[in-house]
Amino acid sequence: MTDLTEGSALVLGIVEGLTEFVPVSSTGHLILTSYLLGLKGEAVETFEIFIQLGAILAVLCLYFGRFAGLLNVSRGQWSELRFASRPSVASFEGLHGLARLAAAALPIFVLGALFGSTIKEFLFNSQTVAVALIVGGIAMWWVEGRSQPATVGRIEDLSLRTAFMVGVCQCFALWPGMSRSASTIVGGMLVGIERRVAAEFSFLVAVPVMCVATMVDLLKNLHVLGAEHVQTFAIGFGVSFVVALFAVKGFIALLGSMSLRPFAVYRVIVGIVVLVAF
């Protein structure tokens, strides 16, 4: 077993920052990278969870205005919430935004609580990650080939029902290698959300989902951490934050001029290589 060093922390931080919000699966890439580096053990698994907080912070910084708007809660908003195909009010501030984030996060919270331990025991390996990369890549290629036009062109126009349906699709991300961002973006496109809007909503939903999942896992594994891990964890967190800042901005810019198909091809190629090589 190789110990977690400053160098390996740097590499894993870069991988996390590059892949967390791009539809290629950060968990899958971290598992594969750790395997190649010879990293094993509870401390390594906890590190891979912890550095996700750096990527979360990047989204909070980039979408600070959106998250600040969620705090603008008024009493009258309760009567405006509707679980319908179209929102009663076109807004993503206050309860309108919080309710949609909650609707999208609820399904994966429930399934994660019920099956999270079983998934970690049986699906966290290179072979299952490879299969998930291929399956997700095929799904991305297929959804880009559909002729159905988008009906939701702004986050403000998301209904509670649509947000919930995206959340159901997000549950596929419990399979390591499938990708949380890929599941939510593809799911969003399937229910009529424009590609770029689906990506931005995916970033916003990631914050509550990843915060809760990360904090739960960290609390479970605090016993494996010591003073010797502070430096490597700080490096991973900082690198993940900086790289994610550029990755998110670059990904959104790319979606303005290209489809998801290049990412789909990449996923399938990586998945096949892993199946053959490992």
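The buried residues of helix H7 are Ser126, Thr128, Val129, Ala130, Ala132, Leu133, Ile134, Gly136, Gly137, Met140, Val143 and Glu144. Buried here means under 20% relative accessible area, with exposed over 50% and partly exposed in between, for a 1.4 Å probe and protein chains only. Helices are DSSP runs of H or I with at least four residues, numbered from the N terminus.

Before I continue, a word on the source. This is a predicted model, in which local features need pLDDT of at least 70 and side-chain atom pairs count only at pLDDT 80 or more, while totals for chains, interfaces and linings use all residues. Residues are numbered from 1 along each chain as its sequence is written, and side-chain values use heavy atoms, with hydrogens and water left out.

Let me stay with H7. The helix covers residues 126-144, 19 residues in total, and spans 27 Å from first C-alpha to last, close to the expected 27 Å; that expectation is 1.5 Å times one less than the number of residues.

What do the buried residues of H7 pack against? Their partners are helices H2 (26-37), H6 (94-123), H9 (180-190), H10 (195-221) and H12 (261-277).

Leaving aside neighbours within four places in sequence, Val129 is in contact, meaning heavy atoms within 4.5 Å, with Gly28, Ile31, Leu32, Pro176 and Gly177. Val129 and Ser25 are 104 residues apart in sequence, yet 8.9 Å apart in space, C-alpha to C-alpha.

I turn now to the nonpolar core, a set of buried Ala, Val, Leu, Ile, Met, Phe, Trp, Tyr and Cys residues joined through side-chain atoms within 4.5 Å. The largest has 55 residues, of which Phe21, Val59, Tyr63, Phe201, Phe203, Phe251 and Leu260 touch the most other members. Elements giving two or more residues to this core include H6, H7 and helix H11 (230-255). H10 gives the most, with twelve residues.

Leaving aside neighbours within four places in sequence, Phe21 has contacts that include Ala55, Val59, Arg180, Phe203, Met210 and Phe251. Apart from this core lies another, of ten residues, among them Leu4, Leu12, Val15 and Leu30.

Finally, Thr214 lies in H10. Is Thr214 buried or exposed? Thr214 counts as buried, because its relative accessibility is 0%. Beyond neighbours within four places in sequence, Thr214 is in contact with Ile49, Phe50, Gln52 and Leu53.
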